[in-house]
Amino acid sequence: MVYAWSGKTVTPGHLIAADLQVSGGFAGLMLHLHTEADLAFMISTELGSYRVVQHHTHGERLLLEARSSAIAVGLLDSNRLTLSLQGGSLGLAINDQPVAQLQVASSSKQARFGLAALALHGSVTALFRQVGVRYGG
């Protein structure tokens, strides 16, 4: 997996969003909650599915994987991913359609976010646009 972290920290009440085009694998948003665990929320337009993976000091664990009709599956189609951090709860949405709500233990008051891409076979291309963080109240 290839990923990059933002220097900006986010606190509960923030929304993190990005428009994304991906081919050849999965791509999406990551959230660094504390020193021992990161969460990656990624989509594959080829498979029409999304997944949530937890990366921690002992490896990684697939928390959730499902197909979703919210995902625009055309190669050139863009999808809007949104993470909503509210205390110990993380809301996930694709194209403004909620797809999952996760309870996150020990969420940091100074979490960081990042972007990630994971190749399925060979290489992955991911184009992120309009990446932003805003306080949602």
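This briefing sets out the strand pairing, nonpolar cores and side-chain interactions of the structure above.

The model is predicted: local features need pLDDT of at least 70, side-chain atom pairs count only at pLDDT 80 or more, and totals for chains, interfaces and linings use all residues. Residues are numbered from 1 along each chain as its sequence is written, and side-chain values use heavy atoms, with hydrogens and water left out. Strands are DSSP runs of E with at least two residues, numbered from the N terminus. Two strands are taken to pair if DSSP finds at least two bridges between them.

**Open sheet**

- An open, antiparallel sheet is formed by 6 strands in the order S1-S10-S3-S4-S5-S6.
- Strand S1 (2-10) and strand S6 (59-67) stand at its edges with a single partner strand each, so one side of each has no neighbour in the sheet.
- From one strand to the next, the twist averages 20°; axes are lines fitted to C-alpha atoms, and angles run from 0 to 180 degrees between N-to-C directions.
- Strand S5 (residues 49-56) runs antiparallel to S6, and 8 bridges join the two.

- S2 and S7 are antiparallel and joined by 6 bridges, with Ala18 opposite Leu81 in S7.
- S7 also pairs with S8 in the antiparallel sense over 6 bridges; Leu83 has Leu92 in S8 as its bridge partner.
- S8 in turn pairs with S9, again antiparallel and over 6 bridges, and Leu92 has Ala100 in S9 as its bridge partner.
- The hairpin of S7 and S8 has 2 residues between the strands, and Gly87 takes a positive phi near 60°.
- The hairpin of S8 and S9 also has 2 residues between its strands, and Asn95 in the turn has a positive phi of about 50°.
- S7 is largely enclosed by the rest of the structure, because 6 of its 8 residues are buried (buried means under 20% relative accessible area, exposed over 50%, partly exposed in between, with a 1.4 Å probe and protein chains only).

**Nonpolar cores**

- A nonpolar core is a set of buried Ala, Val, Leu, Ile, Met, Phe, Trp, Tyr and Cys residues joined through side-chain atoms within 4.5 Å.
- The largest core has 28 residues, of which Leu31, Phe41, Ile43, Leu83, Leu90, Leu92 and Ile94 touch the most other members.
- Strands that each supply at least two residues of this core include S2, S5, strand S7 (79-86), strand S8 (89-94) and strand S9 (97-103).
- A second, separate core of 6 residues includes Phe26, Ala40, Met42 and Val53.
- Beyond its neighbours within four places in sequence, Leu31 is in contact with residues including Trp5, Ile16, Leu83, Leu90 and Phe113 (contact means heavy atoms within 4.5 Å).

**Salt bridges**

- The structure holds 2 salt bridges, each defined by a side-chain nitrogen of Lys or Arg within 4 Å of a carboxyl oxygen of Asp or Glu.
- Asp19 and Arg80 form a salt bridge, with their closest N and O atoms 3.1 Å apart.
- Asp19 lies in strand S2 and Arg80 in strand S7, so this pair ties together parts 61 residues apart in sequence.
- Asp19 is buried at 14% relative accessible area, whereas Arg80 is partly exposed at 26%.
- Glu65 and Arg51 form a salt bridge at 3.0 Å, N to O; they are also bridge partners, Glu65 being in S6.
- Glu65 is partly exposed at 39%, whereas Arg51 is buried at 16%.

**Gln21**

- Gln21 lies in strand S2 (residues 14-23) and is buried, with a relative accessible area of 14%.
- The side chains of Gln21 and Arg129 are joined by a polar contact of 2.8 Å (a pair of N or O atoms within 3.5 Å; within protein, one must be able to donate a hydrogen and the other to accept it, and residues adjacent in sequence count only if both atoms are side-chain atoms).

Terms used. Helix = DSSP H or I, 4+ residues; strand = E, 2+ residues; numbered from the N terminus.
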